[in-house]
Amino acid sequence: MKRSFPEHWVVTTLGSVSEIVTGNTPRKNNPEFYGDKYPWIKPDELDKEEYVCYSKEMLSTLGAKQARIVPKNSVLVSCIGNLGKIAIAGRELATNQQINSIIFNKHVVNYKFGFYYIKTIKDLLYQKASATTLPIINKCKLSKIEVPLPPLNEQKRIAEKLDTILPKVKSARARLEKIPAILKKFRQSVLAAACSGRLTEDWREEYTERTGKELPEWEEKKLNEIIYNIKYGYTSKSFSHGEIKYLRITDIQNGKVSWETVPFCQIEKNVIKKYLLEKNDIVFARTGATTGKSFLIKDCPPSVFASYLIRIKPNTNIVSAEYLYFFFQTEYYWLQINENVAGIAQPNCNAQKLSNILIPLPPLEEQHEIVRRVEKLFALADSIEEKYKKAYERLEKLEQAILARAFRGELVEPDPNDEPAEELLKRILEEKAKLEREQKGKKRKK
């Protein structure tokens with residue numbers, strides 16, 4: 001869909017109002033090309049800050065002669081792979097070949113105005129990119145992209161207005177981005193209080209006042225003292241059709257299982273009972289990066305568990321399955337698991353080591369109260385997390401909405417005293433054509 005711009009603006013191309021420089025890589029086998037004089041920017045260093053002045057790898061003065069140095073205030077754009085990552089050169093620097101640097105003609109384009117406009121064309125870059133598995137937009141294609149131009153003074157006013165508004169959006173985003181870490185810390189604090197007795201201190205006092213009885217003290221028991229059974233999973237191939245689901249480590253994501261996507265297995269009828277999952281069972285990953293992570297079975301279709309899982313069956317006369325599951329998310333549990341994990345390249349935890357995990361165990365009635373309180377607090381945290389996600393999505397859209405307004409001419413009022421953009425562009429293009437003719441004339445003389 002073609003964009004509409006104010007009548008007093010003109011539409012030209014990037015190539016008409018800028019020089020576009022594709023970066024390159026000085027030979028890596030010559031260490032003298034690398035030093036500490038000039039930043040050598042790569043795509044992963046874009047999009048972090050508005051201005052980029054330093055990089056992980058720097059070029060020496062000798063290396064700079066092999067590279068394509070671009071001046072301060074050039075607009076750097078990633079044009080291979082992850083397109084549209086962007087930053088402004090905060091000093092003279094070079095880039096690798098995945099970045100094109102746009103050096104705007106300062107007499108016709110305010111570089112900051114140009115920077116903000118390039119931020120709006122990420123989708124367009126993908127549309128114009130070569131149709132390969134790795135999207136590429138080369139210098140030629142980039143130069144043909146249209147750019148809207150108001151008068152130069154109006155460009156400056158727009159850029160100044162965006163300089164005022166967008167940092168506030170960025171600041172709000174930075175504050176929002178702290179929320180997941182705060183919620184994670186909150187949940188860990190809740191679990192720590194729950195499994196140490198702090199969460200139900202007031203409840204114990206109320207219980208004594210209400211019943212006139214003292215509750216039994218907490219005990220610390222090994223896992224094998226409070227469960228019926230601990231067992232390794234069943235070994236089978238997985239199938240897309242069948243009667244018995246086959247729960248694997250990979251099916252458990254972020255503490256949830258989408259049972260409709262869990263595959264099936266083939267298992268003899270005489271052994272199904274040994275491996276059949278039931279309500280209140282808890283399964284653990286016993287190998288790989290997720291070693292020690294647990295999942296509580298609340299309800300499921302007829303399912304057995306795979307060989308890389310360990311299943312326990314809590315003795316619900318002694319321990320609440322929900323309380324036990326909450327304990328398996330505490331730092332105290334993870335300290336013990338990390339001590340008991342064998343292997344470095346492929347860590348694993350066997351049934352014997354898991355059986356020796358120490359569990360702080362309150363009376364069963366208090367366990368149920370702990371579960372009720374933890375679930376209530378976690379529900380509050382989940383509610384805040386949902387609001388955070390929605391707010392973050394709105395904030396992401398807000399920045400694009402502000403930029404869209406800016407380039408529809410709705411952010412600042414036009415000034416009739418400004419030199420018309422059409423006349424400015426015409427003069428610049430005439431000067432550019434004159435310069436090109438002079439250069440061709442000099443070549444012919446040579």
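**Close-up 1. Salt bridge between Arg-405 and Glu-410.** In this predicted model, a salt bridge brings together the side chains of Arg-405 and Glu-410, with an N to O distance of 3.6 Å. Arg-405 is partly exposed at 38% relative accessibility, and Glu-410 is likewise partly exposed, at 39%.

Close-up 2. Lys-313 is buried, with a relative accessible area of 17%, whereas Glu-278 is partly exposed at 45%. Asp-281 also forms a salt bridge with Lys-313, at 3.0 Å between the closest N and O atoms. Because Asp-281 sits in the loop between H9 and E17 and Lys-313 in strand E20, this pair ties together parts 32 residues apart in sequence. Asp-281 is buried, at 3% relative accessible area.

**Close-up 3. Aromatic pair of Tyr-234 and Tyr-275.** Among the 17 aromatic pairs of the structure, Tyr-234 and Tyr-275 have ring centres 5.3 Å apart and planes at 55 degrees, so the pair is tilted. Tyr-234 lies in the loop between strands E12 (227-232) and E13 (244-247), and Tyr-275 in helix H9 (residues 269-275), 41 residues apart. Tyr-234 is buried, with a relative accessible area of 14%, and Tyr-275 is buried with a value of 14%.

Conventions. Residues numbered from 1 in each chain as written. Predicted model: local features only at pLDDT ≥ 70, side-chain atom pairs only at ≥ 80, totals over all residues. Heavy atoms only, no water. Phe/Tyr/Trp six-rings, centres within 6.5 Å; stacked < 30°, edge-to-face > 60°. Helix = DSSP H or I, 4+ residues; strand = E, 2+ residues; numbered from the N terminus. Buried < 20%, exposed > 50% of the residue type's maximum accessible area, 1.4 Å probe, protein only. Salt bridge = Lys/Arg side-chain N within 4 Å of Asp/Glu carboxyl O.
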